[in-house]
Each structure stands twice: as C-alpha cells, then as structure tokens.
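Please read them with the coordinates open.

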Amino acid sequence: MADNLPDIIENQLLDALVGTTPYTVTGAIKLRLMTANGNDATAGTEVTGGSYVAQTITFDAAASGSIANNASISFAGMPAVTVVGIEIYDSAGSAKRLAYGALTSSRTVTVGDTVQFASDAITLSLA
C-alpha cells in the first residue's frame, strides 16, 4: 500500500518528523474490510452485518521502508458481500484512519464465510 495514507496522517507524520507536533497512536491497530474504497480525503464503506467486526492487526518492525503484518487475521461469520479494500485505524474513542488500500482482487463471500489474510499479506510502504 504505497502512498495510501490519508492526507491528515501525512501531515501529522511530517509534523512529527520535524518536531512540530508529536505523533501517537491510540490503542490497538484495527483492520477493517471495505465494500467501497476510500481515498486520501474520504474513508471507504465498511462491511456491516453478519458477525463482522474489525480485527486487531500487528506488525513487525519496519525495514527498507516497509512493514508487514506479523500474524494471520480472520474475519469469521461474514455477511454476503464483496470486499474490495481494507483500511487501518487506531482504537481511539474517535478512531483515526491510518492507511487504506484496494485488494489485489476483490473477494466475494457468502453468508457465514471467513475472510483471512496470512502473515505478511498486508504491507505498508513509504518507499
């Protein structure tokens, strides 16, 4: 997901880089599935229904300008839906969207299916 950072995050990271304002992430990082993709300014449309809930995603340390999830992630009990993208949020009371991106290919699921991402399947890159 190269350059798939919302505008607000890009500005906050630049401010932190030069010491203008510190940057902190609140709570666990959550992965959300999207039925319509967002862009730099607007969030996408999140999956709803079934037993779907955003899942915690964890990462290894960054290397060579990128970072990848370090454990598999499962979304069980999905509703009938086509998943086209993902978004990553913090867990603040008013959650902050940290990154977004389209899937390489959309995934159409039926009621009760599980959507799973293997370890290292989700990569964030600044390179």
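1. The model is a predicted one, and the remarks here should be read as remarks on a prediction.

2. Start with strand β6, residues 81–89. Seven of its nine residues are buried, that is, under 20% relative accessible area, so the rest of the structure largely encloses β6.

3. Strand β6 has antiparallel pairings with two strands, β1 and β7. With β1 (residues 30–36), the pairing runs over five bridges; here R32 stands opposite E87 of β6.

4. The largest pocket holds about 420 Å³ of space. Its lining counts 19 residues, and those closest to the centre are L5, L13, I67, L98 and L124. Helix α1 (7–17), β4 (66–68), β7 and β9 (123–125) each contribute at least two lining residues. By class, the lining of this pocket comprises 15 nonpolar and four polar residues, with no charged ones.

5. The second largest pocket holds about 190 Å³. Among its 11 lining residues, L103, T104, F117, A121 and I122 lie nearest the centre. Strand β7 gives the largest share of this lining, five residues. The classes here are seven nonpolar, three polar and one charged.

Notes: Residues are numbered from 1 along each chain as its sequence is written. This is a predicted model: local features need pLDDT of at least 70, side-chain atom pairs count only at pLDDT 80 or more; totals for chains, interfaces and linings use all residues. Side-chain values use heavy atoms; hydrogens and water are left out. Buried means under 20% relative accessible area, exposed over 50%, partly exposed in between (1.4 Å probe, protein chains only). Helices (H or I, at least four residues) and strands (E, at least two) are DSSP runs, numbered from the N terminus. Two strands pair if DSSP finds at least two bridges between them. On a 1 Å grid over the protein atoms alone, a cavity is a set of points where a 1.4 Å probe fits but cannot get out, and a pocket is an open set with protein on both sides within 12 Å along at least five of seven lines; lining residues have an atom within 4 Å of a point. Grid points are joined across faces, edges and corners, and a volume is the space filled by probe spheres set on the points. Ala, Val, Leu, Ile, Met, Phe, Trp, Tyr, Cys and Pro count as nonpolar, Asp, Glu, Lys and Arg as charged, and the others, Gly among them, as polar.
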